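Please open the model in your viewer and keep the selection tool at hand, as this tour moves from one selection to the next.

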Amino acid sequence: MTPLTILLTLSTFLFTLGLLAVLTRRNAILILVGIELMLNAANVNFIAFWRYGPPDPDLTGPLFVLFSIAIAAAEAAVGLALILMVFRHTRSTDLNRLDSLHG
Amino acid sequence: MVWTRPIGRIGRIFSLSYLSMTPLLILSPLILLAALGAVWKARPVHAALLLALSLALIAVLYLTIGADFIGLVQFMVYVGAVAVLIVFSLLITRPGDEAEELARRPRSVVTGLVCTLPVLWVLVHVVSRLGNLPAGAVENPVFSVAHVGQVLFTRYAPAVLVVGVLLTAVMIGAALFAREPGKKPQCPSDS
């Protein structure tokens, strides 16, 4: 068992847990929590492959993670603003109640 | 920057010695336990705080394996901003009671597992076949913040500009979304 395998196993389970959260939760904010977990699993993969992979003077892995973190922060800000807007209309963040487009 | 060096050196000592895997073996179960709590806890605030714990432990993991700068960024952005943002939105929205969530749980967990386990199986299968990789023997050296800056503003300069535009757009958009409709924004000096 190498460090690379450990990190990849960690990120595998982290991604699965995030997916489970997205599929089982009904609260929109907690679905966002699951999305954050999945993004972090991807970041762990990038760092693992950079650290224990072929030589990389351009730092592709860490910089990809840097951009990914910036975009994840943007996504969280817009997502939470949208959830706040929905909450103002329906007084609820339960996604099962957002069925006004349901024919 | 000088202050990132000691952590990096510790990381290097750990990774070069026989003990290289000990911090990973300690941190990984902790991260997974915190993430499991974030998925499982019925009370939303507990879930959000456990997410913050999990993200902080991932930052520590980055520090341990030598990605110091990324670890610090992770700590500042994820733990300092995203997790706090999530906790505050939970405070604002007053989520429903957890009894409803617990009543719905058996069904939703079965559905979730049916959809998740195939994904888990594929990922574990792929990771278990990694033995064929030629890499693994080498370890990239710990990088300095100066190196990050140099690469960031030469090779990746277009991407930095795009991310800057994205963040500006997001800031304006989020402020527009979160504004009370019908209320005129007021300068504090006007009131």
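At roughly what angle do the axes of helix H2 of chain A and helix H3 of chain B cross? Select residues 28-51 of chain A and residues 44-64 of chain B: the two axes come within 11 Å and cross at roughly 10°, where axes are lines fitted to C-alpha atoms over the stretch in contact and angles run from 0 to 180 degrees between N-to-C directions. H2(A) and H3(B) are therefore roughly parallel to each other, a term for angles under 35 degrees. Helices here are DSSP runs (H or I, at least four residues), numbered from the N terminus.

This is a predicted model, in which local features need pLDDT of at least 70 and side-chain atom pairs count only at pLDDT 80 or more, while totals for chains, interfaces and linings use all residues. Residues are numbered from 1 along each chain as its sequence is written, and chains are lettered from A and ligands numbered from 1 in the order in which they are written.

Next, select Ile47(A), and leave aside its neighbours within four places in sequence: Ile47(A) is in contact (C-beta atoms, placed from the backbone, within 7 Å) with residues including Val65(A), Tyr62(B) and Ile70(B).

Now widen the view to both chains, whose contact takes 63 residues from chain A and 69 residues from chain B. On the side of chain A that touches chain B, the largest share, 20 residues, comes from H3(A), so colour that helix if you wish to follow it.

Notes. Helices (H or I, at least four residues) and strands (E, at least two) are DSSP runs, numbered from the N terminus. Angles under 35 degrees count as roughly parallel, over 145 as roughly antiparallel, 65 to 115 as roughly perpendicular and the rest as oblique. Two residues are in contact if their C-beta atoms, placed from the backbone, lie within 7 Å.
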